[in-house]
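User: I want to learn how to read a ligand site. Where do I begin?

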Amino acid sequence: MVAARVTRAVIGLSLTAVLVGALLWWNPSGLYLWAKAVHVIAVISWMAGMLYLPRLFIYHCEAEPGSRQSETFKVMERRLLTIIINPAMVVTWVLGLWLAYEGGWFKAEWLHAKLALVIALSALHGFMVRWVREFGSEQNQHTQKFYRIINEVPTVLMIAIVVLVVVKPF
Ligand code: HEM
């Protein structure tokens, strides 16, 4: 079961990598704007998940461990993470780095600041993976209040990141 899932994930990722690699190598005109559009779509998906997952944690805290409700939350959290949040983060990073390379942005200071904030967002993503695992084994370590505070962090980071890339203040 786990081996089959890993094989499917490896095949899916390899095919995507080959397709994206071929497209970047071909580099038809207009590719930058198409890549930016897909980058923004991936960003929206990543952020949607990062904003919804802590909400699920807040409700999950109220469910009795082992109850039917708790089992439902576990499935919702795991699926949201593996089907939406993880792939969206990979696509956001791959296309973001390619846009930075292709657009010659690597020396821009707004990009340095943006990267620092995106690294913070990715670290938060890592913690969310850990919390999904903890809830999955009925070993949640945190209170509802903790997840309520965490719920605000992606919003603040997202606002700063979008202002940096759109306004480019420095
Ligand atoms: C993962 C690392 C990331 C890198 C390296 C990266 C890099 C870039 C680059 C170079 C551009 C093109 C800028 C331009 O052509 O003017 C861009 C566009 C954009 N990025 Fe990212 N990005 C990343 C993640 C994110 C995240 C997490 C968000 C939002 C939360 C975001 C939001 C946007 C938006 C909204 C645009 C379109 C800006 C415009 O066209 O005015 N990016 N990104």
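Analyst: Begin with the pocket. On a 1 Å grid over the protein atoms alone, a pocket is an open set of points with protein on both sides within 12 Å along at least five of seven lines. A molecule sits in a pocket if more than half of its atoms lie within 2 Å of its grid points. Here the ligand sits in the second largest pocket. This is a predicted model: local features need pLDDT of at least 70, side-chain atom pairs count only at pLDDT 80 or more, and totals for chains, interfaces and linings use all residues. Residues are numbered from 1 along each chain as its sequence is written, and side-chain values use heavy atoms, with hydrogens and water left out.

User: Which elements give two or more residues to the shell around the ligand?

Analyst: Helices are DSSP runs (H or I, at least four residues), numbered from the N terminus. The elements are H2, H3 (68-102), H4 and H6 (153-167).

User: Which residues come nearest to the ligand?

Analyst: A residue is near a molecule if one of its heavy atoms lies within 4 Å of it. Of the 23 residues around the ligand, Tyr 32, Lys 36, His 39, Lys 114 and Lys 168 come nearest. Next, look for polar contacts, pairs of N or O atoms within 3.5 Å. A polar side-chain atom of Tyr 32 is 2.6 Å from a ligand oxygen atom. For Lys 168, that distance to an oxygen atom of the ligand is 2.7 Å.

User: Which residues coordinate the iron atom of the ligand?

Analyst: Donors are N, O and S atoms within 2.8 Å of the metal (3.2 Å for Na, K and Ca); water is not among the atoms, so sites may look incomplete. His 39 (NE2) and Lys 114 (NZ) coordinate the iron, at 1.9 to 2.1 Å. His 39 is in H2 (residues 31-62) and Lys 114 in H4 (residues 109-136), 75 residues apart. Both are buried, that is, under 20% relative accessible area with a 1.4 Å probe, protein chains only; exposed is over 50%, partly exposed in between.

User: Why is the arrangement around the iron atom octahedral?

Analyst: Six donors count as octahedral if opposite donors are over 155 degrees apart and all others between 65 and 115. The 6 donor atoms here subtend angles of 84 to 177 degrees, so the arrangement is octahedral.

User: What should I look for in phi?

Analyst: Most residues other than glycine have a negative phi. Lys 168 has a positive phi, near 45 degrees. Lys 168 follows H6, in the segment after that helix. Its relative accessible area is 33%, so Lys 168 is partly exposed.

Terms used. Tetrahedral: all angles 85-135°; square planar, octahedral: opposite > 155°, others 65-115°. Polar contact = N/O pair within 3.5 Å; in protein donor to acceptor, adjacent residues only side chain to side chain. 1 Å grid on protein atoms, 1.4 Å probe; cavity = no way out; pocket = protein on both sides within 12 Å on 5 of 7 lines; lining within 4 Å.
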